[in-house]
Amino acid sequence: MHTLSSAAQAAIFDNLAHGIIALDANLRVTAMNAAARRFLNLVTAPVGEHTLHAFAQWPQLHEVTVALAADQGALATAELPDRYFEVRLVPVDGADGQRDGYILLLHDITARKQAEQARAQADARYRILVDSMLDGVLLLQDGAITFANQAMTDILGYTAAEFAVIGLPVVVAPEDRAWVNNVVLAPKSGDAAPTQFEARLHHQDGHTVYVQVSASTLLADSTSTVLMTVHDISERKAMELRVQQSEAYYRGLLELVPEGITLIDMEGRITYLSQRTYAIFGFPPTFNPVGEFVLRWIHPDDKARAVE
């Protein structure tokens, strides 16, 4: 069997990308490759020194090493100045079963940690932005609510944690639940979710909240994510109801007047005919002149005066 020379083994050991530190059973350094020396800013390996002294500038690495020795090779993370390392301690036993020492492996994960931190910062900024919005925002993944902003809590009274438990259908009025199926189930079948629609939702205290919902869907492999923005239009709906009630009230008054009443707009188009007008002119109930010019119904001899 061909075996590597000591020089070849040393060259391989010194050129490995991961930092490797050999320790004896008492955690004294017996060898250290070039990557480890570079990571720790050492010119030479502190052979013979205990990790307490060898890693004096990096006390966390010493603490992690001692903890890993007690855990028999578990994995941990150590933070050195401006760098992060994944640390593994591999026990080495002799032929007699006694502990000869350990191999301390250092894997530089600085780039990964920095990316995670950047993402966490971006997520924090995004959350601040979303929580400052006046409209409610919901994120649904495969039908489950995974995020609700503060405005959504203000609109319906549920906390983000409560939204995750109760789910979307619970807060939707039964007569409007069809659109829940369109939003939650349609993306799974490849159909686009409705872009915008109105619906009635139940507040935590039981009253109805009218909302306008905008939904967009992102499909990734077998997972669908739906982004919903929810605008509270309860005040607008209440105003529309008051206007309708007012119109009905005054229309009822007009119908009590014995004279025929016709309303026209600024262009001379008919907008309303009272029932008395229908009776005076003998119009059938199915006749609807709304939208037509009133001059059409005026005698030619009187049109000039009517225009004036």
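Visitor: Is Asn41 buried or exposed?

Guide: Start with the cut-offs: buried means under 20% relative accessible area, exposed over 50%, and partly exposed in between (1.4 Å probe, protein chains only). Asn41 has 65% relative accessibility, so Asn41 counts as exposed. A word on the source: this is a predicted model, in which local features need pLDDT of at least 70, side-chain atom pairs count only at pLDDT 80 or more, and totals for chains, interfaces and linings use all residues. Residues are numbered from 1 along each chain as its sequence is written, and side-chain values use heavy atoms, with hydrogens and water left out.

Visitor: Where is Asn41 found?

Guide: Elements come first: helices (H or I, at least four residues) and strands (E, at least two) are DSSP runs, numbered from the N terminus. Asn41 is in the loop between helix H2 (34-39) and helix H3 (51-54). Its phi is near 60 degrees, a positive value in a residue other than glycine.

Visitor: What is the phi of Leu27?

Guide: Leu27 has a positive phi of about 65 degrees, and Leu27 is not a glycine. Leu27 sits in the loop between strand S1 (19-24) and strand S2 (29-32). With 9% relative accessibility, Leu27 counts as buried.

Visitor: Now a helix. How many residues has H4, and what span does it reach?

Guide: The expected span of a helix is 1.5 Å times one less than its number of residues. Helix H4 (residues 59-71) has 13 residues. From first C-alpha to last, H4 reaches 18 Å, close to the 18 Å expected at 1.5 Å a residue.

Visitor: Which residues of H4 are buried?

Guide: The buried residues of H4 are Leu61, His62, Val64, Thr65, Leu68 and Ala69. They cover an arc of only 165 degrees around the axis, so they lie on the same side of H4. That arc is taken from the directions from the helix axis to the C-beta atoms. On the other side of H4, Glu63, Ala70 and Asp71 are exposed.

Visitor: What do the buried residues of H4 pack against?

Guide: Contact means heavy atoms within 4.5 Å. The buried residues of H4 pack against S1, H3, strand S3 (75-80), strand S4 (83-93) and strand S5 (99-108).

Visitor: On to charges. How many salt bridges does the structure hold?

Guide: Side chains of opposite charge can pair when their charged atoms come close. A salt bridge here is a side-chain nitrogen of Lys or Arg within 4 Å of a carboxyl oxygen of Asp or Glu. The structure holds 13 salt bridges.

Visitor: Which parts does the salt bridge of Glu198 and Lys237 tie together?

Guide: The side chains of Glu198 and Lys237 meet at 2.9 Å, N to O. Glu198 lies in strand S8 (residues 196-202) and Lys237 in helix H10 (residues 234-256), so the pair ties together parts that are 39 residues apart in sequence. Glu198 is partly exposed at 36% relative accessibility. Lys237 is partly exposed too, with a relative accessible area of 24%.

Visitor: How many residues apart are Glu240 and Lys237?

Guide: Both lie in helix H10, 3 residues apart, about one turn of the helix. Glu240 counts as partly exposed at 32% relative accessibility.

Visitor: Which residues do salt bridges with shared partners join into one network?

Guide: Glu86, Arg112, Lys113 and Glu116. Glu116 and Arg112 are 4 residues apart in helix H5 (residues 110-131), about one helical turn.
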